[in-house]
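This report describes one protein chain for a reader who has the sequence and the 3D view at hand.

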Amino acid sequence: IRVLHQQDTDLEGVPLWVQRMETNGIIYTDGMLSVGDLDAQEQLLLPLLTRMLHMTGVEDIPYDEVAVMTRERTGGLYFFLESSSMVRFADSSFSALAFRMKCLERDHAPALQLLFRILNGANVRDTERLGAVVNDLVSDYESNVTSAGQMYASQRASASFSRVLAQNEAWNGLAQWFHLKGHDPNDRFALERLGEALEAVRTKIARRHRMLLHLCVAEQSAEEARKHLGEFVLSFTDGNEPALNLANDSSPFAMPSTPELEIFRIPSSVSFSATVCKAAEPFDPVQAHQTVLAHVLTTNHLWAQVRGLGGAYGVSAHIDMLERLCLFSSYRDPRIEGTLRDFRDVVAHVAEEGVDQDLIDFAIISLVGREIKPLYPKDAAMIAFRRALYGITDTFRSDRRNWILTTTVAQVKEAARHLLES
């Protein structure tokens, strides 16, 4: 396996991972601000807050000037929401408002100063910008639901299996869309109240004790970059609060009680369907074999049955390693019931009849090829950061690679039977 070396350190009480590699004069700074202790209503506001951090002014500086400053001092500054279960413990998870920043080495200190000002002084109560953000997000949903509806179907179905997946659906799924539709972008007084709520959330999470950091930098620039990052950390004044505990389940959502089948109507002549079932644990070889099975089904059985005969534009099966789930989805599909039946039937066929070893070998080549392809530093940085956060050790990765490489027809049949029984 390819190992991404990094050093686990402490920076002014904040966990910091330093990854030294050639970056061609660029420093990649990634960070997480834990949001697991926010209540469900505050969680619903996080997508709005994340978008506002991209689209509003800072302190007394208007948005257009902040945008120019960001372009001048960074090669990219992005905010997004991150959540996942841990590799060893399904009932433990981590969720955060994350940021990614890249800049030239000479711009690292002023870029971090700008990042601090955005996190601490973003004008999230600007009703004009807030109305634009609400419109922007609702428009995204309205356009995406008819072009990538399988994503929303998969998220909705997955939400029934764990608290962190229910949280993810509230952030990015239909629950968030319904929440956004409850805000009138033309009601100034309602936007003022919404802005006050966003300000309270921003103030609550922009804190040092919530922070985890990752630095990807060339060896010769590492110490200087670490010094700049230390000054950034000390800008947050809450140094006496206890650090977060990554071992705790960090989702405030209860396990939802949803019906076995849900149908949502959209203005489209085709459908987007998803079926989700439990997969094996990540450290169980059966899950590795299920990953091979999912690839075989996507490129062969499902392709022939759901796309070739059923007429869907696309279909896939996928194992979510950390969430312990198998997801089937169809894209722009003229059928619903027939496709849902096909998802089960193809798995049952493999469980009974097996597949050719050649198909398994092709799937193994594809899966391993994805892991060994060259990585840009920005990709290597986030992959290494996530491995550290979620407990994905190199020993585990090596074991999983071996389980995939040695997959047999009998193991694929067993993997299919496991899914049918889940």
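Asp 8 stands opposite Trp 17 in strand S2. This pair can be located in a model that is predicted. S1 and S2 pair in the antiparallel sense, and five bridges join them.

**The six-stranded sheet**

Strands S1 and S2 belong to an open sheet of six strands. The order across this sheet is S1-S2-S6-S3-S5-S4, and the pairing is mixed. Strand S1 (7–11) and strand S4 (76–85) are the edge strands, so each of them pairs on one side only. From one strand to the next, the twist averages 25°. In a regular strand, side chains alternate between the two faces of the sheet.

Which helices lie across strands of this sheet? Helix H1 lies across S4 and strand S5 (93–104), and runs at about 160° to S4. Helix H13 (residues 377–390) lies across S2, strand S3 (26–34), S4, S5 and strand S6 (211–217). The direction of H13 makes about 30° with S3.

**A salt bridge from strand S2**

The structure holds 20 salt bridges. One of them joins Arg 20 to Glu 223, with the closest N and O atoms 3.5 Å apart. Arg 20 lies in strand S2 (residues 14–20) and Glu 223 in helix H9 (residues 222–234), so this pair ties together parts that are 203 residues apart in sequence. Side chains of opposite charge can pair when their charged atoms come close.

**The three-stranded sheet**

There is also an open sheet of three strands, with the order S7-S9-S8 and antiparallel pairing. Its edge strands are strand S7 (271–278) and strand S8 (314–320), each of which pairs on one side only. The twist in this sheet averages 10° from one strand to the next.

Helix H5 (residues 149–158) packs on the sheet, where it touches S7 and S9. The direction of H5 makes about 30° with that of S7.

How many bridges join S8 to strand S9? Seven bridges do, and the two strands, S8 and S9 (residues 325–333), run antiparallel. Along this pairing, Ser 316 stands opposite Ser 329 in S9, and Ala 317 stands opposite Phe 328 in S9. S8 and S9 form a hairpin with four residues between them. Arg 324, in the turn of this hairpin, has a positive phi of about 60°.

**Pockets and a cavity**

The next topic is the space in and around the protein. The table gives the volume of each space and the make-up of its lining.

| Space | Volume | Lining residues by type |
|---|---|---|
| Largest pocket | About 1,500 Å³ | 18 nonpolar, ten polar, twelve charged |
| Second largest pocket | About 1,200 Å³ | 27 nonpolar, nine polar, eight charged |
| Largest cavity | About 50 Å³ | Seven nonpolar, no polar, one charged |

The volume of the largest pocket is about 1,500 Å³. This pocket is lined by 40 residues, and those closest to its centre are His 318, Ile 319, Met 321, Glu 371 and Ile 392.

The second largest pocket has a volume of about 1,200 Å³. Of the 44 residues that line it, Leu 261, Glu 262, Ala 274, Thr 275 and Leu 340 are the closest to its centre. Which element gives the largest share of the lining of the second largest pocket? Strand S7 does, with seven residues. At least two residues of this lining come from each of H5, helix H7 (174–181), S7, S9, helix H11 (337–353) and helix H15 (409–421).

A cavity, unlike a pocket, is a space from which the probe cannot get out. The count comes to one cavity of 30 Å³ or more, and the volume of the largest cavity is about 50 Å³. Leu 33, Leu 49, Leu 53, Leu 97, Leu 119, Arg 202, Ile 205 and Ala 206 line this cavity. Two or more residues of the lining come from each of helix H1 (40–55) and helix H8 (188–205). By type, the lining has seven nonpolar residues, no polar ones and one charged.

Notes: Residues numbered from 1 in each chain as written. Predicted model: local features only at pLDDT ≥ 70, side-chain atom pairs only at ≥ 80, totals over all residues. Heavy atoms only, no water. Axes fitted to C-alpha atoms, helices over the stretch in contact; angles between N-to-C directions. Contact = heavy atoms within 4.5 Å. 1 Å grid on protein atoms, 1.4 Å probe; cavity = no way out; pocket = protein on both sides within 12 Å on 5 of 7 lines; lining within 4 Å. Points joined across faces, edges and corners; volume = space filled by probe spheres on them. Nonpolar A, V, L, I, M, F, W, Y, C, P; charged D, E, K, R; others polar. Salt bridge = Lys/Arg side-chain N within 4 Å of Asp/Glu carboxyl O.
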